[in-house]
Amino acid sequence: MRIAPLQRQQLDFLSGQLEKLEAMSGTADRTELQNLQERLNGWAAKIAVIGQVKAGKSTFLNAFLGQHDFLPSDVNPWTSVVTNIRINVPTDPETGAVFHFFDEKDWAEIMDGSGQIRKMAEELLPGFNTDILKQQSEELREKAQRRLGDHYKSMLGSKHEYPFLSADLLKRYVCAGPGSDDGLTRESLGRYAALTSDANVFMRIPEFAVPTIVTDTPGVNDPFLVRDEVTCRSLDNSDVFIVVLSAQQPLTDVDIGLIRILAQQDGKDVLIFVNRIDELDGYDTRYESVAEDVSERLKKAIPEIEFTILTGSAFMADAALRIDDEAEEVRANLDTPTLAAYLKKRYGDVPQDRAERLLLGSGLVDMKRTLSMVIDNGSGSRQIGQIINDIEAQVAAITFATKRERQSVEDEITQVRENKTQGFVASLAQEIVTVKEAQSDLDFLVAAANEKVEGLVEGSGTDLAKTLSEKVDSFIDSQRDRLYALVADDTLRPGRRGTFDVDLSPLHEKIEATLHAGFDMVRDRIDSLLASCMRDCGSILNENFDDTFELPSLDGLPFDTFSTTLSMSKKSLQTTFETEKSWTFWRAQKVDKEKTFETMRTLAIAELQAPIEKLMLACMKAQSDRAAAGIERIKVMQAMLEKALVERKERLKEDQALLEAAANDETARAQMLERLNGHVDTLNKRLHDLATLENSVVGAQITEAA
Ligand SMILES: Nc1nc2c(ncn2[C@@H]2O[C@H](COP(=O)(O)OP(=O)(O)OP(=O)(O)O)[C@@H](O)[C@H]2O)c(=O)[nH]1
Ligand SMILES: [Mg+2]
């Protein structure tokens with residue numbers, strides 16, 4: 001089965017159009033068009049597989065890739081590093097792997113056992129002892145030290161590259177597990193895992209019609225969460241999410257929370273895979289109620305989205321693929337009457353062949369078909385839409401330059417025919433000057449807009465930081481009254497807990513609202529700056545030349561809204577009451593309210609600073625990405641025009657010389673007329689081709705949007 005054949009057609013079509021455009025752009029420099037071609041080549045469907053620890057993510061992915069035992073998948077060890085499997089990406093090597101290590105800054109943050117780790121653990125694992133986590137980061141350091149010696153420090157910020165792939169290789173980098181340290185050789189399990197921030201694996205699989213990047217992630221409830229942020233970042237980059245659940249314990253609150261965050265992101269698809277159905281007794285009947293339960297709970301929690309829910313067993317797919325000694329036995333054990341009944345009910349078909357029965361039952365075929373559809377129907381279409389818009393901008397620029405040239409050649413023809421060459425030579429000289437001036441005006445405009453936009457993003461960062469810290473301050477201040485109310489007469493009321501608890505969710509909401517509002521405001525300002533720059537470029541052209549320049553649109557820029565999976569998941573804050581030292585321990589304890597409040601403030605600021613900063617940076621990055629894409633489009637157009645204008649200028653100079661020479665030579669004039677007429681014909685044909693190309697590209701965009 002080919003995955004995403006329609007998207008392949010779409011990519012090929014656009015690439016073909018770009019080639020045509022290249023041919024039409026005459027002798028001009030083609031760097032801009034080649035850049036677009038590269039962006040098109042670099043497009044990939046991005047799929048992330050997420051879910052709870054041991055749901056079967058890695059097993060599922062192995063089966064998906066048609067490889068048994070490739071990604072480490074077992075009771076032990078577990079996946080601890082985000083692993084990007086890059087399939088058929090043209091710019092990648094055919095096979096091999098690159099492992100990046102944490103840089104010093106990340107490492108320092110991990111080592112100080114920052115709030116980042118604790119916050120997730122507290123939220124995800126209620127009652128989790130955070131001291132254990134501190135201890136864990138210390139252990140991580142020790143592990144790195146023990147395995148790699150002091151050498152590990154010099155590895156920070158570097159990478160390891162391999163021109164080949166093997167399961168053993170991955171085991172050294174992407175998994176952790178108890179036992180991985182005990183008595184194994186230095187070359188073995190998880191040797192570098194502690195230091196590895198992300199893994200990239202390159203392969204070619206003909207089944208995938210388009211370049212595809214599939215990301216395996218550590219379990220979302222992995223207590224060892226130092227990599228939380230790396231995971232989130234990779235989720236922000238993905239367009240399709242496969243949430244793997246275990247049939248026996250489907251859909252925890254953590255899962256729902258996660259799915260909500262993912263589903264909220266613009267234009268992203270979430271597929272639910274209920275795995276491990278083989279572990280349910282009588283799954284031929286029970287699978288339905290499990291799927292229904294998942295569906296209903298999702299509907300209740302996230303009513304605005306309809307989810308695709310698939311059921312299956314990665315283990316079955318894996319068994320179907322195995323060729324080792326035990327393979328046949330494993331297959332036989334799974335190939336039960338229940339399986340046959342399940343297949344009959346679910347698919348109305350029980351294949352003859354055992355391996356095929358297992359494969360069908362695994363749900364993998366279903367998943368591939370669904371994914372193929374999701375990709376074909378425009379996952380990641382935003383990037384493609386942007387490329388299409390950029391192509392249109394180029395077509396507009398080339399069209400303008402071509403019309404301009406036709407006009408100028410036609411003028412030239414009239415002059416030559418009427419033998420008014422003297423005057424025409426002067427007007428040519430004038431046109432050269434105009435072209436030059438227009439060129440430098442455009443340069444200036446674009447540079448100015450670029451500077452303004454950059455300043456805007458930077459300034460917005462400062463404003464945002466200020467507003468956010470005010471929000472935090474005022475929230476903390478608002479807790480003072482609560483604290484004072486709890487502590488009457490400076491003593492703790494009998495039966496009160498020894499801690500002051502603050503619920504942070506109102507603050508979360510404020511911060512999120514602030515970020516969204518801040519983003520929207522800056523986006524509007526960026527958009528209007530870009531639009532006015534585009535308009536100004538247009539007016540320069542229209543003022544200097546007779547033809548009207550059709551302004552390319554600024555549609556389809558990335559980040560219409562701001563969304564991220566990074567979040568402040570710390571839900572509450574706890575401060576122990578500061579009491580005055582006293583002998584009278586049998587009496588009610590005297591509480592130092594002000595000191596308690598200040599401690600709470602210090603704690604709150606220390607805990608909140610890092611996550612807020614990260615959110616803010618993510619927001620600013622979205623702004624500057626949008627701005628950069630807009631400027632890029634204007635620049636592309638400007639560059640295209642400039643090249644056409646320069647070309648024209650060169651031709652004008654040549655013709656000027658020829659005209660001067662031909663002033664009194666009838667035959668030379670006739671030859672020149674013939675050549676000029678031929679040129680007009682070429683230009684007319686080019687204009688016709690450009691219009692056709694524009695129409696078909698616009699058509700492609702409409703399909704993509706649908
Ligand atoms: N019975 C059964 N076992 C499965 C299935 N899928 C995975 N397993 C087993 O579950 C164990 C864990 O599988 P993994 O693929 O490593 O799970 P994971 O989600 O990648 O786990 P982490 O990386 O630790 O988060 C392995 O022993 C698998 O063989 C399934 O569909 N049925
Ligand atoms: Mg795994």
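Biologist: Which element gives the most to the shell around ligand 1?

Modeller: That is α3, with three residues. Helices (H or I, at least four residues) and strands (E, at least two) are DSSP runs, numbered from the N terminus. This is a predicted model, where local features need pLDDT of at least 70, side-chain atom pairs count only at pLDDT 80 or more, and totals for chains, interfaces and linings use all residues. Residues are numbered from 1 along each chain as its sequence is written, while chains are lettered from A and ligands numbered from 1 in the order in which they are written.

Biologist: Which residues come nearest to ligand 1?

Modeller: A residue is near a molecule if its C-beta atom, placed from the backbone, lies within 6 Å of it. Around ligand 1 there are 22 residues, of which Gly56, Trp78, Thr79, Gly219 and Phe315 come nearest. Two or more residues come from each of α3, β2 (78-79) and α12.

Biologist: At what angle do α3 and α12 cross?

Modeller: Axes are lines fitted to C-alpha atoms, for helices over the stretch in contact, with angles from 0 to 180 degrees between N-to-C directions. Here α3 (residues 57-65) and α12 (residues 314-321) cross at roughly 45°, their axes coming within 8 Å. Angles under 35 degrees count as roughly parallel, over 145 as roughly antiparallel, 65 to 115 as roughly perpendicular and the rest as oblique. The pair α3 and α12 is therefore oblique.

Biologist: And how do α1 and α2 lie to each other?

Modeller: The axes of α1 (residues 5-24) and α2 (residues 31-41) come within 10 Å and cross at roughly 170°, which makes α1 roughly antiparallel to α2.
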